[in-house]
Structure formats: structure tokens, C-alpha cells
Amino acid sequence: IAFSKNLDEQKEIAQVLTDTDNLIQATEQLINKKQLIKTATMQNLLTGKIRLAEFDTKKTKPSELGEIPSDWGVIPLKELGEFQSGSGFPVIHQGLKSGRYPFFKVSDMNNKGNEKYLLNSNNYINEDIRAIISAKTVKKHSIVFAKIGAAIFLERKKLTVTESLIDNNMMSFLPNELFNHEYAQLCFLNFKLGNLVEATALPSLSGKDIGEILIAKPTLKEQIAIAQIFSDMDKELTALNQRL
């Protein structure tokens with residue numbers, strides 16, 4: 001092996017690498033700690049166990065979900081938005097790297113940059129192709145998730161940032177005017193879709209079943225304020241991951 005005959009230089013090199021290893025380990029531990037704080041905060045803020053000071057009335061009431069703030073309601077998801085299944089995507093039309101619509105497949109959820117929002121797709125199509133294959137577009141600010149197969153259990157729920165298309169292994173949920181899209185995504189992240197999988201040979205989800213999930217819903221203003229808290233947390237986690 002190539003090495004320095006100067007023992008002091010060997011020690012200096014070893015120390016630099018040891019310091020680097022320690023920094024990596026410390027950063028990984030900090031990221032893990034921040035993620036645990038985010039998870040705990042989500043469980044508390046989305047259930048009203050802890051409230052932001054400007055909204056806290058100190059009053060609660062019993063509900064189907066247990067004690068919730070007195071000014072919150074309990075509403076099934078089906079009354080807070082609309083579910084839509086994806087469309088078939090013939091292979092002959094796949095492979096375009098630009099076009100009017102991004103066409104997301106389940107595998108696109110792993111693309112770099114798609115950690116929260118669906119920003120990058122491996123396939124695009126234009127309006128003429130969309131019309132030929134009769135694909136229905138998914139609106140901006142929809143939550144997209146897998147509805148068939150083992151991908152369901154990965155619990156990935158992403159937000160669209162533009163009018164898009166999704167394949168028939170996926171489903172979307174478009175929040176209505178009562179439900180802030182960023183807050184809606186947090187609610188989806190706070191429950192496991194895998195618990196609703198139908199007991200068949202091929203795991204699958206039904207929009208009807210998901211629609212029965214009850215949501216503890218604060219006012220729209222409080223939803224937006226809560227969503228901002230987690231947006232700030234995500235930015236901090238992103239910065240730490242870039243540092244790592």
C-alpha cells in the first residue's frame with residue numbers, strides 16, 4: 001500500500017477522517033432526532049392535544065376520535081374532497097421527456113426532488129395523446145398515493161404542483177375549499193393506508209373505504225398555520241440532509 005513514512009502525518013490523516021466520521025454520525029443523529037420531533041408534533045397538533053397559542057381556547061369536547069378542541073369538527077374524508085383513480089398508460093406512449101402533462105407512475109415517487117411534492121416525472125405526454133388514451137387529469141394540489149400492490153405499504157403520499165396524470169396503480173385525493181392541501185397531506189401522513197388494504201391476493205385500496213376515515217378538522221386558518229410549522233421543519237430537515 002501507499003503510505004506516509006512519517007508517523008505524524010499518518011496520525012494527522014487518521015484524525016481528519018475520524019473527525020469526519022464523528023461529524024457524519026452527529027448529523028445523522030440530529031436528523032433522526034428532528035424526524036422524531038416532527039412525528040410527535042404531528043400526532044399532537046393534528047389531534048388538538050397541543051395547539052398553537054393563538055388558537056388555543058383551553059376548551060375541549062368529546063368526539064368519535066376522543067377529546068378534541070371545542071371549536072373543531074369531526075368529518076369523514078369523503079366530505080373534504082374527491083377521490084380519483086389513475087389512467088392506463090400504454091407503453092407505446094411512454095418515454096417522452098417533455099410535454100404538456102407529467103405522467104407519474106408509482107416508481108416516480110422515488111425520484112430525487114419528489115420527497116414531498118411531485119416535481120419530476122420520467123414521462124410526459126401532450127394533449128393529443130391524453131385525448132387518444134382518454135386519460136383524466138389530476139388537479140394541482142392533489143394528494144397522490146399507490147392503490148395497488150406492495151407499494152401501498154410504503155405509505156408515500158405526495159402533492160401535485162401542476163395539472164398531471166397518474167397511472168392506474170395510483171389514486172389521488174383533491175381537497176375541497178374546507179381542507180387546505182398542505183394540511184390534508186399531513187393528515188394522510190398521520191394514518192396508515194396499509195391498514196385499509198382489502199384481503200385479496202393483490203393488495204388494493206378503495207376510495208370508498210378511505211373516504212370513511214374521520215378527520216379532526218380545525219378552521220382553515222388554523223390548518224394553514226399548522227401546515228406552516230411542518231413546512232419549516234421540512235426545510236430544516238432538507239438543509240441537514242444536504243449537509244450530510
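Is E155 buried or exposed? Select E155 and color by accessibility: E155 is buried, because its relative accessible area is 15% (buried means under 20% relative accessible area, exposed over 50%, and partly exposed in between, with a 1.4 Å probe and protein chains only).

Before we go on, two notes on what is on screen. This is a predicted model, in which local features need pLDDT of at least 70, side-chain atom pairs count only at pLDDT 80 or more, and totals for chains, interfaces and linings use all residues. Residues are numbered from 1 along each chain as its sequence is written, and side-chain values use heavy atoms, with hydrogens and water left out.

**Stop 1: two residues with positive phi**

Stay on E155 and look at its backbone. E155 lies in the loop between β8 and β9 (158-160) (helices, H or I of at least four residues, and strands, E of at least two, are DSSP runs numbered from the N terminus). Its phi is near 55 degrees, a positive value in a residue other than glycine. Most residues other than glycine have a negative phi.

Now select H141, in the loop between α2 (127-132) and β8 (143-146). The phi of H141 is also positive, near 75 degrees. H141 counts as partly exposed, because its relative accessibility is 31%.

**Stop 2**

Strands of a sheet pair through backbone hydrogen bonds, either parallel or antiparallel. Zoom in on β8 and β9: they run antiparallel and are joined by two bridges. Select I143 to see one partner across the gap, L159 in β9.

**Stop 3**

Move to strand β4 (residues 81-85), where Q84 lies. What does the side chain of Q84 reach at 3.1 Å? It is the backbone oxygen of T137. The backbone oxygen of K136 is also reached by the Q84 side chain, at 3.4 Å (a polar contact is a pair of N or O atoms within 3.5 Å; within protein, one must be able to donate a hydrogen and the other to accept it, and residues adjacent in sequence count only if both atoms are side-chain atoms). Show the surroundings: neighbours within four places in sequence aside, Q84 is in contact with K136, T137, V138, I166, M171 and S172 (contact means heavy atoms within 4.5 Å). Q84 counts as buried because its relative accessible area is 14%.

**Stop 3: the three-stranded sheet**

Next, select β7, β5 and β10, an open sheet of three strands in the order β7-β5-β10 with mixed pairing. Here β7 (124-125) and β10 (165-166) are the edge strands, each pairing on one side only. Strand β5 (residues 101-104) runs antiparallel to β7, and two bridges join them. Click on Y101 and you will find I125 of β7 standing opposite.

**Stop 4: S204 in its loop**

Select S204, in the loop between α3 and α4 (207-211). With a relative accessible area of 16%, S204 is buried. Its contacts, leaving aside neighbours within four places in sequence, are K147, I148, I152, L196, V197 and E198.

**Stop 5: helix α5**

Now select residues 220-243, helix α5. Its 24 residues should span 34 Å at 1.5 Å a residue, and the end C-alpha atoms are 35 Å apart, which agrees (the expected span is 1.5 Å times one less than the number of residues). Among the buried residues of α5 are F230, M233, L237 and L240. The buried residues of this helix pack against α1 (7-45), α3 (181-189) and β12 (214-217).

**Stop 6: the largest pocket**

Finally, select K38, E115, K116, L189 and D234, the closest to the centre of the largest pocket among its 29 lining residues. Which helix gives the largest share of the lining? Helix α5 does, with seven residues. At least two lining residues come from each of α1, α3 and α5.

Conventions: Pairing = 2+ DSSP bridges. 1 Å grid on protein atoms, 1.4 Å probe; cavity = no way out; pocket = protein on both sides within 12 Å on 5 of 7 lines; lining within 4 Å.
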